[in-house]
Amino acid sequence: MDSLTFLLSGTILAATPLLIAALGELIVEKSGVLNLSVEGMMALAAATGFIVVSATGSHWLALFAGGIAAMLLSAVFAVVVLFALGNQVASGIAVGILGLGLAGLIGTPYEGMTVAPMARAPVPLLSDIPVLGPGLFNHPLIVYLVPLVAVLLWWMFRTAKLGLVIRAVGESPESAHAVGYNVLAVRFAAVLVGGFMAGVGGAFISVVSSTLWSDGMIAGRGWIVIALVVFAMWRVERVVLGAYLFGMFAIAELLVQSMGISAPSQLLTSVPYIATIVAIALLSRDGRRIRLNAPVSLGRVYAGTH
Amino acid sequence: MRLPWTVEARAQRSPFAPLVAPLAAVTATILAGLLLFTLLGVPVTTAFYQLLVAPVSTTFNIGEVLLKATPLLLIAQGLAIGFRAKIWNIGAEGQLILGAIGGSLLPIWFNDSQNPMMLVGMALAGSCFGMGWAAIAAWLRSRFNANEILVTLMLNSIALQLLYYLVAGPLRDPFGFNFPQSALFPDVAMLPTLFGGARVNAGLFVALAATVAAWFFVERSMTGYRLQVGGVAPEAARYAGFSEKRAIWLSLLIGGAAAGLAGVFEVAGPLGQLQRVVSPGYGFAAIIVAFLGGLNPIGILFAALFMAVIYVGGDIAQASAGVPYAVIGILQGVLLVTYIAARLFVDYRVRWRRSAARVAAH
Amino acid sequence: MITREAATATTGAQVPLLELAGVTKSFGPTVANEDVALSIMPGEIHAILGENGAGKSTLMKMIYGVMAPDAGRIRWHGEDVTISDPAHARRLGIGMVFQHFSLFETLTVAENISLSTDQSAARLSPRIAEIGDRFGLPLDPAALVHSLSVGQRQRAEIIRCLLQEPRLIIMDEPTSVLPPSGIEPLFETIRRLAAGGCSVLFISHKLEEIRSLCHRATIMRAGKVVGSVDPAAETKDSLARLMIGRSIPQPTRTPARPGKDAALELRGLDHVPDDPFGTHLQGMDLSVRPGEILGIAGVSGNGQRELAALLSGETALPRGDRDRIRLDGSGCGDADPGQRRRMGMAFVPEERNGRGAVPEMSLTLNALLTAHGRGMVRRGMVAHQSARDFAESCIAEMGVRCAGPQSEARSLSGGNLQKFIMGREIRLAPKVLIASQPTWGVDVGAAAAIRQQLIALRDTGVAILIISDELEELFELADRLQVLFRGRLSPSLDRAEADTALIGDYMTGGFLTEPAVATPPAAAA
């Protein structure tokens, strides 16, 4: 395979789970809830998905099962922050640790095992384009579906009533309640949907892109997902951009090797983390912009009314 | 969907309120642990014994509990100061790793040294490294307003890669058959152990001293007061003229120094060298310890001991019954989740809605 | 004006539209509403009169389904109902215009309104224009809410309400956000509504307004209904007696004898706020001399918040602009609040819980917040005894009702906490005191005490600046007045030359067209 093809294909595979999970987190944050447990949700989903694909051989079922597992975990988070009024930062960390622990436990018998890759669905005509075709259009079907989800969400937050309601709840839950919306229901649903999407992302990593399970394989991607949402200033189109950009950083190791430069592998592994820090610092500098774009009630406890 | 209860912030708290949530969380965690062990095929009585009795049944095991409580206590005291100011340093794990690296430099470079001041130098170097690592987050937050949660987390991952790089290369034992670890430390670089056979070492006293210092800092000092105002009422802190930047720097530096010192105690204690694994997640567990202790220095002391029991109990269960080590992570998660949920009853007066009758009325 | 009889006759209904009996609601130990009864006929403009803390807002929230009563019954068209939430209230035909608006700043007017209807923003736009025309409420449907003035936001709220064709509209202190010239048009809108058969519940503590607008007034005191009267047949004083049990106390004052040199000065202050929804302050000039009170009037949202933060130091200017703010002649624009306090400035902010005081902390620890420099810290450690003594003196001097210095700030009523904060700042013996909305949400008795203290403080030679959106309060207190409008300050007016008409004109920007704008306030005074 051509090295450019290889890099394009690697970027797409690395970016897809980040994108779906970040879109999920975007929905959650737009509703005013900061769910920091993405790492744990993705890990649990990766383990669950791997177990399901090992048992059934169905990658689709594995992705779905991963989504469900993460959604159940996110329900725990939702109950703690929405009903028990827990601090969102601490609750997210707590549920994240729980998820990592559960993933480690159920995954123990599968440590180091591999599964068959997901069937590819080359796009007719497009995949025949030299170099670009095999890099961009010769992937499993799920890879093309995720950007479609992004388009759907972009439309939803721009024009659809549902998007408007989520934004309203995220800006001022008090006002949303006063005009008659059920803040808790909206937020609960947002957290569950976000959890499902994080789960699909996590399962994608174990059953599609790496086809193996090892404890700790999410390796901070869940946190990069959260950073992506900040980086994107809570805008769908920028989440897409950021996800593919970070997909590229994630394969920095391959990129550098393909250019024939030698560097310590640990440094290359650190590139996505360093890039995240730099991106966060650059993007946060303008406090006005953050305040203009961030959901106003993000992270705040909403105790409801009497 | 409505809350099935109504809540009001409590105006006055009973003196026992702070005990309610930790006790509820500990109980829930023990029950979850027994359930989990049972599901894994361990009989309940054995599970109970391994999880809670065995860790405190022999001198050696008690020593193990105290050994693991040392870094947890030290780190949690540092983190709690920041958490009270709502500065979320989630990077203690990375700061611990940097502390371990910093503390290892002297004994690696002067491997045959007999200098009795070696440990002091290591402690200083380690806490400075930990502080330095945390300072990156402090600088980025105060200068660029970069979220410290994300930055400290990323720094954890980078610290780990840095450690892998160092033990595989620059700091590797040249006579170590290419194993990714440093040379063993000289005796002057090792913390003295406290009682026969057990591995617990003098670091425990430092952690206890840090607890006393933290108590004075939090309860009595003006700086502690400033930080706390910043945490509970940031607008009031701004109004009073308490600098937010100072709070950020102070919180992160204290947390970083404590975690760095804990890292030194690991390499100068149970490990005796720098290697790829210097912490079984103490940096994260300490976050839980800080919360479980109610961010109160005395509460943290008890929370650290309980967490250490879980660690040792998990170790014993793994060794004797083949229970996966991941169980510890689950119990830690359950502990913090139930603690946060139980806080509802401490911070608020909760009353059930009499909604059923009213809904039926129309 | 339509009389009650006429209103009833036009609809021909004898059954009250809304009837409340025995409605009770308590929050923990505080009873907010006790055994409240109320009856409103179709087409009636009905006032709920009561001072701050009398329980008006709680009652309205129960009628609108935001809260549920603990006991009592609500009848709508003569039938018992349980209003489970605001959506239910709206389905019944009850609309509400909130005092603190429930609009979303990042959405447009049309999007905001579409959130409470089934229609899309695009479809609603022409209807918004049509309703605006019919009821005298002009508004651009495509405007983002954060770009609107407070008065325009109120119009958006009212239009949102009207689109649902309600039978009853609740208006919570609707005139508090309007300049004097905006009040009569609002009343005209309300009268048109009533003429069309819609009932209006008009919540206010302003007696004159109720007398000129309402058919009926229910008066509340301490959570209970103390009377139901025809307001036109009452005098201002008789209404006041019903409302607070006595005449409204007026502070006693002597003419000011100000010193010569300004204690606090602003010179050509320009500031673009960090908050993207904040007000840009431009070319601000003012000066306050020792022994006088300068009042800053204006409709809220015209830059009061930004001005107060710049004066207190919560927002600091860049070093180059330090001389734009002068304390006793020396520039302090770049100083933080602590430094300004040491220079002799004290500040009472508009938010008490969470800014002026830490709700979760005791009064002793709250004394420490600004008074820590007065011997309360020794070698870095807090000297609790002296902080406690300080708090006790504040409590005694201001007559703060609380269980002692160990009480948590949040356990105090708004008025008592404000007295404590005021006492703390006064005890700092400042040269300049800045108070923002000093009696917002405070009961009449405490407000009178606070105002009297401010006048007494002025007489000891302190320079006082008061920012308030209550004109009556400024007329009581201020020796001179300036008006804030869209981030600009009017020329200074002496107490004698300032009347409601002129100030009202300034509050809508009348001063901007006058040639005298450039006159510095010191010269004008």
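**Where chains B and A touch**

Start with the interface: 41 residues of chain B are in contact with 46 residues of chain A. Contact here means that the C-beta atoms of two residues, placed from the backbone, lie within 7 Å. Which elements of chain B give two or more residues to this side? They are β1, α5, α6, α11 and α13 of chain B. Helices (H or I, at least four residues) and strands (E, at least two) are DSSP runs, numbered from the N terminus. α13(B) gives the most, with 13 residues. By type, the side of chain B that touches chain A has 31 nonpolar, 8 polar and 2 charged residues. Ala, Val, Leu, Ile, Met, Phe, Trp, Tyr, Cys and Pro count as nonpolar; Asp, Glu, Lys and Arg as charged; the others, Gly among them, as polar.

A quick word on the source. This is a predicted model: local features need pLDDT of at least 70, side-chain atom pairs count only at pLDDT 80 or more, and totals for chains, interfaces and linings use all residues. Residues are numbered from 1 along each chain as its sequence is written, while chains are lettered from A and ligands numbered from 1 in the order in which they are written.

Now chain C. Its open sheet has 4 strands, in the order β12-β11-β14-β15, with antiparallel pairing. Strands pair if DSSP finds at least two bridges between them. The edges are β12 and β15 of chain C, each pairing on one side only. β14(C) and β15(C) share 2 bridges. In β15(C), G331(C) is the bridge partner of R326(C).
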